Amino acid sequence: MRPVELLIPASSLEVLKIAVIYGADAVYIGGEVFGLRAKAKNFSMEDMAEGIQFAHEHGVKVYVTANILAHNGDLEGVREYFTQLKEIKPDALIISDPGIYTIAKEICPEIERHISTQANNTNYGTYQFWWNQGAKRVVTARELSLNEIAEIRKNIPDEMEIETFVHGAMCISYSGRCLLSNYFTGRDANQGACTHPCRWKYAVVEEKRPGEYLPVYENERGTYIFNSKDLCMIEYIPELIEAGIDSFKIEGRMKTALYVATVARTYRKAIDDYLTSPEKYKENMDWYLEQISNCTYRQFTTGFFFGKPSEESQIYDNNTYIKEYTYLGIVGERNEEGLYQIEQRNKFSVGEQIEVMKPDGRNIPVTVKRIVDEDGNEMESAPHPKQVLYIDLGQELEMYDILRRQEE
């Protein structure tokens, strides 16, 4: 059986550390340029260097995205960027544009090159082409079934790796190539500036009756005709492994630490359980499904893995996430008084019952005993996002434990 890598996204240095602690084998990140998530916080070169060092100290790899579809004006900047990356030594670059690929091969040939899903990789001939160009790994197009992926596996070198998205948001474009954002707002999704118009509400207007909105799906408020459910393959780990996929990729480079921790921890346990014992994996399925629904999501689908999706893969009546937990903060160091530092994310109060989420799979209910600000003042509640606080939850905590509150 081929080794399986769990590949987790990170939008910031803080989230990278959470991904590492909660079970990632590898983390993918974007710098401040040339990635397809310009609205994510992304990494300065200094943060990237620190993140790579932290990951490597924990035996985790880091891949850097440079997967825009480049214009002429981008190429000199790419050359300079790769020269900087050469010094901080990420484990791979994720690239879709042949021009950018050529520069990477020239400037930093020692860094592995992976081919992004943006390159529309739908057949084994494409894989063979990129292998001959020196690529170590290719990310499948999201439009492939498991049978197609298995056929690719049979027709490429054993040493070549297949990476596939197994969880997270789906868009209605082809392999992520979409023009809606550019058309509506002038912000190019293929240059990293997508405004996600696929999540907006739409109606049909007949040409000769301007202003008269016609419902598309028997809903007078319009319809979210482009709005896909989220991909989730937690129930199909055996099928993914059997197809010959080397890296299970999670979508979400704009997600919170709570989302990343929840998904990483759940898939980590599911993969490890299956590799230990298929029976154990089956026995724990209810736990995986419960845990994976604890972070925000838009219902679930299996995408294209078992054939072309039907209309059941779309959400027609709203564009909102299902949200079962609120993210409160990450536990930091303990001070001399025995209080734990956190940078608070959402409001919570003394006397409130919250939950400590631990990397090993435990979720521990606790009551907030004390909240103290940086100046030592006692507080009844913590209403200000990103405020640094010190808390007592009545029990021992560890760095990188996550605090969350279940919503009614």
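1. A salt bridge is counted here when a side-chain nitrogen of Lys or Arg lies within 4 Å of a carboxyl oxygen of Asp or Glu. The model is a predicted one, in which local features need pLDDT of at least 70 and side-chain atom pairs count only at pLDDT 80 or more, while totals for chains, interfaces and linings use all residues. Residues are numbered from 1 along each chain as its sequence is written, and side-chain values use heavy atoms, with hydrogens and water left out.

2. The structure holds 25 salt bridges, and one of them joins Asp272 to Arg268, with the closest N and O atoms 3.1 Å apart. Both residues belong to helix H9 (residues 257-276), where they are four residues apart, about one turn of the helix; helices are DSSP runs of H or I with at least four residues, and strands are runs of E with at least two, numbered from the N terminus. Arg268 counts as buried at 16% relative accessibility, whereas Asp272, at 33%, is partly exposed (buried is under 20% relative accessible area, exposed over 50%, partly exposed in between, with a 1.4 Å probe and protein chains only).

3. Arg79 deserves a separate look. Its side chain meets that of Glu106 in a salt bridge at 2.8 Å, N to O; because Arg79 lies in helix H3 and Glu106 in helix H4 (residues 98-107), the pair ties together parts that are 27 residues apart in sequence. Arg79 also forms a salt bridge with Glu76, the closest N and O atoms being 4.0 Å apart, and these two residues both lie in helix H3 (residues 75-88).

4. A network of salt bridges links Glu5, Arg137, Glu161, Glu163 and Lys249.
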